[in-house]
Amino acid sequence: MSKKGDQRREAIVAAAARLFWERGFSATSIADIAGGADVPQGNMFYYFRTKAELAQAVADVFVEGTQSLVTEAEAASPDPRERIRFLLRRLGQSNRSRVDNGCPISAAVRDFRRTVPEASARAGQSFELLVSFIARELQKTGPRPSIAMARARAVVIEWQGGIALAHAFNDMTVLAESLRRAERSLQIGS
């Protein structure tokens, strides 16, 4: 694919991710995505034959983005506590969009599950990456693997619950408080 083709493909996937997040998978048409990507609708099938292929591409982008975040956190500091703090701060940077629309990854996992279960499972790997990273870093501070895993899951649950409640209340402070509670629960606070 040419550089222009790659750029168009990326624009299509970005538009699909945004529209699936804002409207939902079933309420978004190929025509909506073409319009959002500024690509003629007839050209869409050159890049993606089905909406299911688009869902898979969106899920791949979520996993790649999460892996990049984990890689950034790993490089942020030699101290595992600082790595986790870095991750939590970065998760907090997208609070406004999460308050407005909820979590895009959670929405993808839910919305793709019935019609594109492979894409749902793939999007869910983003959460697995976060939990695994936090658990690995926590283990370096002393807890047994099972305790570290339970605490890591609790952090992601707190974050996701904070997103849901902040979205419901349209209140960004709910999510900020949730991330602070997550950090305190790990006993890594400043």
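This text walks through a predicted model, from its first helix to its core and then to one helix pair.

Start at helix 1. This helix covers residues 3-23, 21 residues in total. From first C-alpha to last, helix 1 reaches 30 Å, close to the 30 Å expected at 1.5 Å a residue. Just after helix 1 comes glycine 24, with a positive phi of about 100 degrees.

Now look at what helix 1 hides. Its buried residues are Gly5, Ile12, Val13, Ala15, Ala16, Ala17, Leu19, Phe20 and Trp21. These buried residues pack against helix 2 (30-37), helix 3 (44-47) and helix 4 (51-76), and also against helix 6 (95-101) and helix 7 (104-112).

Next, the core. In soluble globular proteins, nonpolar side chains tend to be buried together. Here the largest nonpolar core has 57 residues. Those with the most contacts inside this core are Ile12, Ile33, Leu54, Phe112, Ile134 and Trp159. Ile12 is also among the buried residues of helix 1.

Take phenylalanine 112 as a case. Set aside its neighbours within four places in sequence. Phenylalanine 112 then contacts Phe20, Phe25, Ala55, Val58, Pro117, Ala119 and Ser120. Of these, Phe20 is one of the buried residues of helix 1.

Finally, turn to helix 4 and helix 5 (residues 80-92). Their axes come within 8 Å and cross at roughly 140 degrees. An angle over 145 degrees would count as roughly antiparallel. Helix 4 and helix 5 are therefore oblique to each other. The crossing is right-handed. Helix 4 makes the contact through Leu69, Glu72, Ala73, Glu74 and Ala76. Helix 5 contributes Arg83, Phe86, Leu87, Arg90 and Leu91.

How values were computed
Residues numbered from 1 in each chain as written. Predicted model: local features only at pLDDT ≥ 70, side-chain atom pairs only at ≥ 80, totals over all residues. Heavy atoms only, no water. Core = buried A, V, L, I, M, F, W, Y, C linked by side-chain atoms within 4.5 Å. Buried < 20%, exposed > 50% of the residue type's maximum accessible area, 1.4 Å probe, protein only. Contact = heavy atoms within 4.5 Å. Helix = DSSP H or I, 4+ residues; strand = E, 2+ residues; numbered from the N terminus. Expected span 1.5 Å × (residues − 1). Axes fitted to C-alpha atoms, helices over the stretch in contact; angles between N-to-C directions. Parallel < 35°, antiparallel > 145°, perpendicular 65-115°, else oblique. Left-handed = near helix turned anticlockwise from the far one by under 90°.
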